Amino acid sequence: MWGAYHSKQKERRQISLVPMSPRTKAAEIAYQEAKLNDETRPLRESEILQEWKHWVLIPNAFPYDMIYHTHHMLIPKREVSHRKDLLLAELSELFEIINDFVEPRYDLYFDNMQKRRSVLSLYHVHVASYHNGREEIKL
């Protein structure tokens, strides 16, 4: 009995190679393939959607499209890997951007903790809007 159970569990693991993700399955597979094939590009090479003195807004090349219809990122112009390394002027402007630009246009902003970030070399803040006020989100 246990042998059949373990065999089924092994089959499930082999079928389920796509990790849990806030991306759709297709988007997560595209992201994983891009990483495997070294086809991702540095965030600094992304199209700039909006620019301030210390920050730029860029599209997320691999958005969390399962949850959000819009997913952009704020990145500092200066190379900074962690929030604690931001200068006071950069932090002050970030708060202004969040209050004056992000809050009226997006549903939320967040940053991933260091241990969960896929881009460790550059601090970034995610800004996103849910699908149609969250009605389209389905599990």
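Predicted model: local features only at pLDDT ≥ 70, side-chain atom pairs only at ≥ 80, totals over all residues.
Trainee: Is strand S3 mostly covered or mostly open, and how many of its nine residues are buried?

Mentor: Strand S3 spans residues 68-76 and is mostly covered. Buried here means under 20% relative accessible area. By that cut-off, the number of buried residues in S3 is eight of nine.

Trainee: How many bridges join S2 to S3, and in which sense do they run?

Mentor: Strand S2 covers residues 55-59. Tryptophan 55 of that pairing has proline 76 in S3 as its bridge partner, and leucine 57 stands opposite leucine 74 in S3. The two strands are joined by five bridges and run antiparallel.

Trainee: What is the bridge partner of glutamate 51 in S2?

Mentor: Strand S1, residues 50-51, pairs with S2 in the antiparallel sense over two bridges. Within S2, the partner of glutamate 51 is valine 56.

Trainee: How many residues lie between S1 and S2 in their hairpin?

Mentor: S1 and S2 pair over two bridges. They form a hairpin. The number of residues between them is three.

Trainee: How many of the five residues of S2 are buried?

Mentor: S2 is mostly covered. It pairs with S1 over two bridges and is joined to S3 by five.

Notes:
Residues numbered from 1 in each chain as written. Heavy atoms only, no water. Buried < 20%, exposed > 50% of the residue type's maximum accessible area, 1.4 Å probe, protein only. Helix = DSSP H or I, 4+ residues; strand = E, 2+ residues; numbered from the N terminus. Pairing = 2+ DSSP bridges.
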